[in-house]
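Please look over the sequence and the structure shown here before reading the report.

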Amino acid sequence: MEYRNYNEAYFIRLDRNDEIISSILDICKKENIRSATFSGIGGCSKAEIQTFIPSTGEFETSELSGMLELTSLSGNVVTDEEGEYYHHTHAMFTYKQEGEHCVSGGHIKAIEVLYTAEIELRPVIGGMIGRKYDPETGTGFWDFK
């Protein structure tokens, strides 16, 4: 992994076997970025996709593997009052299965890079977006301080 800061944005290149979500969170911690948004593209080998099931209040996780084109990555990073980091990430992948082109995506738990991933991380400037717990869903939402 390598990254640079240009004009209040971070440009991140991830390499083979890097995990995208943990890498973004590591950069946020290292650079003291408390809230940010990010987007990206890349070639990946594995993705853990989650779907929230309201009736159970839990996420179901499925895994994709193989040559996955990361066609769209979009997410955010926030921190709670204790300084704990959280991400909310969605992504879309294209891949071939039995000769057919397929598309899959959703809420992301983890993504492993096959060749490269290129991410733009945009810190919130002039304020901070926190996280507050929602007891109805059992998840956290943005909290504007």
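## Basis

The structure is a predicted model.

## Pairing of strand 3

Strand 3 covers residues 36–53 and strand 4 covers residues 58–79. The two run antiparallel and are joined by 16 bridges.

## The hairpin turn

Strand 3 and strand 4 form a hairpin, with four residues between them. Gly 57 lies in the turn and has a positive phi of about 70°.

## Two loop residues with positive phi

Most residues other than glycine have a negative phi. Asn 7 is not a glycine, yet its phi is positive, about 50°. Asn 7 sits in the loop between strand 1 (2–6) and strand 2 (9–15). The relative accessible area of Asn 7 is 78%, and exposed means over 50%, so Asn 7 is exposed.

Glu 98 is not a glycine either, and has a positive phi of about 50°. The loop that holds Glu 98 runs between strand 5 (85–97) and strand 6. Is Glu 98 buried or exposed? Glu 98 counts as exposed because its relative accessibility is 81%.

Technical notes
Residues are numbered from 1 along each chain as its sequence is written. This is a predicted model: local features need pLDDT of at least 70, side-chain atom pairs count only at pLDDT 80 or more; totals for chains, interfaces and linings use all residues. Side-chain values use heavy atoms; hydrogens and water are left out. Two strands pair if DSSP finds at least two bridges between them. Buried means under 20% relative accessible area, exposed over 50%, partly exposed in between (1.4 Å probe, protein chains only).
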